[in-house]
Amino acid sequence: MLTGLPGDPVILLGVVNTKLRDFYPSLDAMCDDMQIEKEELMEKLGMIDYEYDAVRNQFI
């Protein structure tokens, strides 16, 4: 469940990458803290051909 995050995948990308850059050391930490489903987030951003890169800690 992506409660509190934008529904539009392009806007979601910007919000998630900003949160990862400014507040979280990893996608897992962000998902745990925000209580969101990692798989659902990855699927939604996969719709616009973005994947999580753990080295960069962002969706690219």
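Tutor: Aspartate 49 lies in the loop between helix 3 and strand 1 (52-53). The model is a predicted one.

Student: Why is aspartate 49 called exposed?

Tutor: Its relative accessible area is 71%. Exposed means over 50%, so aspartate 49 with its 71% counts as exposed.

Student: What makes the phi of aspartate 49 worth a remark?

Tutor: Aspartate 49 has a positive phi of about 65° and is not a glycine. Most residues other than glycine have a negative phi.

Student: Which loop holds glutamine 35, and what is its phi?

Tutor: Glutamine 35 is in the loop between helix 2 and helix 3. Its phi is near 55°, a positive value, and glutamine 35 is not a glycine.

Student: How do you know whether glutamine 35 is buried or exposed?

Tutor: Buried requires under 20% and exposed over 50%. Glutamine 35 has a relative accessible area of 71%, so it is exposed.

Student: Why is the pair of tyrosine 52 and phenylalanine 59 called tilted?

Tutor: By the rule used, there is 1 aromatic pair. In it, tyrosine 52 and phenylalanine 59 stand 5.5 Å centre to centre, with 55° between the planes. Centres must lie within 6.5 Å; under 30 degrees is stacked and over 60 is edge-to-face, so the rest are tilted. The 55° angle puts this pair among the tilted ones. Both tyrosine 52 and phenylalanine 59 are buried.

Student: Which residues of helix 2 and helix 3 meet?

Tutor: Leu27, Asp28, Met30 and Cys31 of helix 2 meet Lys38, Leu41 and Met42 of helix 3. By class, this contact has 5 nonpolar, no polar and 2 charged residues.

Terms used
Residues numbered from 1 in each chain as written. Predicted model: local features only at pLDDT ≥ 70, side-chain atom pairs only at ≥ 80, totals over all residues. Heavy atoms only, no water. Contact = heavy atoms within 4.5 Å. Helix = DSSP H or I, 4+ residues; strand = E, 2+ residues; numbered from the N terminus. Nonpolar A, V, L, I, M, F, W, Y, C, P; charged D, E, K, R; others polar. Phe/Tyr/Trp six-rings, centres within 6.5 Å; stacked < 30°, edge-to-face > 60°. Buried < 20%, exposed > 50% of the residue type's maximum accessible area, 1.4 Å probe, protein only.
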